[in-house]
Amino acid sequence: MRNLGKLVGFVAGLSLAAGGAYAAEKRLMEDYVKSPMPPGFQVIVTELEGPVFADAKGKTLYKWPIKSIRNGDVGEQKNKPTCDDTVYKVNAGLMSPYPGGFTLPEVETRPSCLQVWPAVYATAEDKPVGKWTIVDRKDGKKQWAYDGFALYTSVLDEVPGDTRGGTRRKEGGDSPAYREPVSPAPAVPAQFGVYSVAKGRFLATSIGYSVYTYDKDTATKSACTGSCLNEWAPMLAAENAVALGDWAVIERSPGVKQWTYRKKPLYTRIADEKFRSYEGGDIPGWHNVFTQTEPAAPKGFTVQDTRAGQVLADKNGRTLYIYNCGDDAIDELACDNPNSPQAYRFAICGGGDPDVCNKTFPYVIAEAGAKSENRAWTPVDINPKTGKFAKPGEAGALHVWAYRGRPVYLFGNDKKPGDVSGDAWGEFNGHRNGFKAFWLRDDFRTNAG
Amino acid sequence: MKHAAKIGALFAAMTVGFAGAAVADESANVIRNGTIGYVLTDYHWALYQTKDGKAECPQGFNDGPREQFKILFPADDGKKRTLLETQLARESQIWHPDLKPEIFTFKEAQGKTGLGMNLDGKVGPNDFTSPDGSEKGIDNQLYRVIGCVANYRGPDGTLYHFNNKFMQQHEYARVLIELTGVDSLVNDNDVTLTTYRGRDGLLTDATGNSFMPGGTQRADHKWGKEFISRFKGKIVDGVLTVQAAEYHQPTTWAFEDVTDQWFKDPRFQLKINQDRAEGMLAGYVDIENFYLQMARAVSTHHQSYGQQSSPSIYRALHKLADAYPDKDGHNTAISFAADVKFVQTFIEHPAVETAAKEADTRPARH
């Protein structure tokens with residue numbers, strides 16, 4: 001609990017977005033531990049990922065940690081960057097049961113890893129600072145690394161604060177080796193941790209149990225006494241704990257101290273069995289805690305109950321779906337956005353036929369002139385025949401909603417609000433080349449993080 | 001409940017292969033207000049298997065995704081192929097299956113011996129007879145579909161093992177049955193069985209491998225409403241027989257799927273005592289639901305563990321479906337049977353099952 005940064009305002013620069021259509025939201029954002037950085041780097045508190053490191057232009061920094069997938073490892077070990085200018089032409093056969101050696105879709109225009117993930121190069125004059133080190137690349141160049149992992153930016157990020165290249169959220173089994181934003185430590189006492197989940201940055205204990213606040217409490221006094229303590233356990237603070245930033249300490253009784261966060265005493269729920277549970281927050285007066293919540297979804301979108309939890313849905317209550325895709329080349333480039341080959345998605349949602357695809361998993365249409373309060377949700381124009389971004393004024397283009405720059409979808413066979421019949425649709429249960437419901441809460445599995 | 005209680009009778013017949021059997025009057029300890037609950041601990045499709053499989057699968061077992069891929073796209077023929085015409089074409093087949101003639105030889109389970117129940121009260125040409133010959137007219141056409149698919153065969157089939165393992169492991173697939181109106185676990189001519197999804201882990205012994213009666217389960221009235229079904233029936237000589245119109249059973253596998261199986265005209269036939277309920281669930285399963293549950297829950301990689309080809313199974317399901325014809329006369333459901341085991345559990349119904357506080361119409365800040 002040292003060097004706590006003060007609560008920072010939302011990232012500057014959103015007004016630089018195309019057309020200047022996005023207004024910065026005024027909301028509480030996550031605090032972080034400030035530590036020395038080399039010149040030219042900064043921390044930006046992003047709307048989706050909380051505080052992340054960025055370069056001088058505000059581009060988020062990413063790492064590519066090694067991951068074991070079915071037939072081998074991909075990603076990078078510490079101090080060994082592998083992302084280079086090789087343009088891979090065939091698949092690597094990493095995903096059983098399919099062998100390698102087949103020509104990749106849109107191979108003529110397939111970029112190299114470095115074209116999609118520009119390396120953050122260091123100069124001969126640069127010096128390591130703390131966890132910031134300089135590693136040697138095979139091409140002879142020097143590259144910045146953090147905690148040993150080589151650093152890159154993403155071509156998908158357009159304005160400071162974008163994190164469209166990747167997420168810190170835990171991905172499902174057999175998902176590709178995704179890139180992750182690199183971030184400073186959250187400013188929380190050692191007993192606590194912050195986890196990226198569907199609803200935002202979730203405050204919990206250091207091992208993952210939910211913490212809660214109680215409506216009847218004040219900043220200086222807990223109202224949870226007597227029988228209340230049979231169900232709720234105060235988050236006790238050490239004798240020498242001190243207030244700093246959003247954090248303070250109250251004395252429940254002589255010598256017994258309790259942590260408060262943003263002027264609310266914190267508790268765990270004794271009956272919680274699962275990590276990151278929302279069950280305690282269902283009890284009237286009690287609430288889960290976030291260091292920052294997700295940006296607002298477009299106006300009219302709804303939240304629906306399902307057989308396992310809650311999903312984000314359109315105005316008619318129909319579940320939204322996200323398409324996930326990483327290709328099977330050794331550099332595992334994303335194929336989940338309209339800039340990438342659409343053959344993967346068309347195979348899964350349409351048997352190769354875009355028209356069938358648009359019926360099986362139709363786009364979520366945005367009204368003409370629809371605007372978003374944030375960069376997480378944006379209306380985009382799509383050519384439904386190609387699945388690619390439409391050119392300005394292109395005939396037949398659809399104006400659709402996108403999350404993190406990727407269109408979201410409905411499922412044609414969902415019959416009523418709360419149906420999730422399109423969830424896990426595609427290769428490796430929808431994690432690899434397929435669709436997952438837009439889970440906000442999952443009381444049984446880990447779909448919502 | 002009209003039937004007089006016969007608590008004094010013993011479950012002598014249940015002692016064979018039925019650990020934990022006890023004298024009936026001890027059941028008063030677990031029957032509270034005419035109610036007793038059980039939780040599912042084992043679930044397997046009922047497949048009649050001979051030791052070497054040659055009787056029911058004389059042509060051997062089926063090929064799976066890996067074998068079919070090699071036939072379609074030989075690695076040694078010198079042809080250069082694209083991902084689109086190979087891997088993605090095969091995945092297209094899985095997610096958009098068709099009823100074109102099967103290009104591979106699909107091996108259906110053969111013979112007249114099978115497990116299950118006579119669902120329609122008839123003895124038809126494709127029906128089975130139980131191994132001991134005591135029951136004829138058994139309807140279990142799903143066995144013909146999956147009986148020669150190695151993944152489903154016990155005890156080594158990957159699905160045979162892991163379907164059960166993940167059911168035991170994940171609360172999403174926790175199945176509770178609650179018997180109400182019970183005067184006796186031996187004879188009672190009017191009982192109601194209600195299914196619920198449970199929210200708790202199974203109670204095991206110290207080894208962790210055996211499931212114990214006497215645990216507690218919270219019935220899920222918040223997210224699990226679609227899994228609540230009511231069956232009506234009776235208990236005769238310690239055998240419970242109940243039937244319903246429809247039943248959705250939660251299912252899940254390894255990678256976060258939250259699927260279900262949709263049973264029509266289901267019935268349980270279970271030998272019950274105060275500790276356990278064991279026997280069979282049978283009925284008809286919607287073939288589109290069966291197929292998509294399989295595809296969504298079990299990836300092509302995992303299907304390859306046991307030569308399980310989704311496109312081939314899809315065609316076989318449609319060929320062998322035997323009930324619920326649509327307006328064009330095509331059957332939409334297939335008869336099935338499953339071996340099931342339950343242990344007694346105390347089922348709690350939360351007094352106030354708090355709905356999610358956030359109304360559907362709230363602004364979707366999530």
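Colleague: Start with chain A. How many helices and strands does chain A have?
Modeller: Chain A comes to three helices and 29 strands. This is a predicted model, by the way.

Colleague: What does the radius of gyration of chain A say?
Modeller: Chain A has 23 Å. A compact globule with 449 residues would have a value near 22 Å, so the two agree. Along the principal axes, the C-alpha trace of chain A spans about 70 × 60 × 45 Å.

Colleague: And how much of chain A counts as buried?
Modeller: 52% of its 449 residues. Take the contacts in chain A with a separation of 6 or more: 63% of them link residues 24 or more positions apart.

Colleague: Which domains are assigned in chain A?
Modeller: Domain 1 covers 1-185, domain 2 covers 192-293 and domain 3 covers 302-442. The C-alpha centres of domain 1 and domain 2 of chain A are 32 Å apart.

Colleague: How many residues are in contact between domain 1 and domain 2 of chain A?
Modeller: Domain 1 of chain A puts in 14 residues, and domain 2 of chain A puts in nine. By class, the domain 1 side has seven charged, five nonpolar and two polar residues.

Colleague: What ipTM does the predictor give the complex?
Modeller: The ipTM is 0.91, with a pTM of 0.92.

Colleague: And the mean pLDDT of chain B? What is it?
Modeller: It is 90, and 88% of the residues of chain B reach 70 or more. Two stretches of chain B need a flag. Over residues 1-24 of chain B, pLDDT stays under 50, and the model has 49 contacts there beyond four places in sequence. Residues 354-366 of chain B are also below 50, with 32 contacts beyond near neighbours in sequence.

Colleague: Now helix α2 of chain B. Is α2 mostly covered or mostly open?
Modeller: Mostly covered. Eight of the nine residues in α2 (residues 87-95) of chain B are buried. They are B:Gln87, B:Leu88, B:Arg90, B:Glu91, B:Ser92, B:Gln93, B:Ile94 and B:Trp95.

Colleague: What covers the buried residues of α2(B)?
Modeller: Both chains take part. The cover includes α2 and β27 of chain A, along with α1 (65-72), α5 (287-297), α6 (300-304) and α7 (310-320) of chain B.

Colleague: Backbone check. Which peptide bonds are cis?
Modeller: One is A:Ser96 to A:Pro97, with omega near 5 degrees. A:Pro97 sits in the loop between β5 (72-74) and α1 (113-116) of chain A. Another joins B:Gly154 and B:Pro155, with omega about -5 degrees. B:Pro155 is in the loop between α3 (141-146) and α4 (158-169) of chain B.

Colleague: Where is A:Asp147?
Modeller: In the loop between β7 (142-146) and β8 (149-150) of chain A.

Colleague: Why does A:Asp147 count as exposed?
Modeller: Because A:Asp147 has 12 C-beta neighbours inside 10 Å, and 12 or fewer counts as exposed.

Conventions
Residues numbered from 1 in each chain as written. Chains lettered and ligands numbered in written order. Predicted model: local features only at pLDDT ≥ 70, side-chain atom pairs only at ≥ 80, totals over all residues. pLDDT = per-residue confidence, 0-100. Contact = placed C-beta atoms within 7 Å. Domains from an automatic or database assignment. Nonpolar A, V, L, I, M, F, W, Y, C, P; charged D, E, K, R; others polar. Helix = DSSP H or I, 4+ residues; strand = E, 2+ residues; numbered from the N terminus. Rg over C-alpha atoms; globule rule 2.2 N^0.38 Å. Buried ≥ 20, exposed ≤ 12 C-beta atoms within 10 Å, placed from the backbone.
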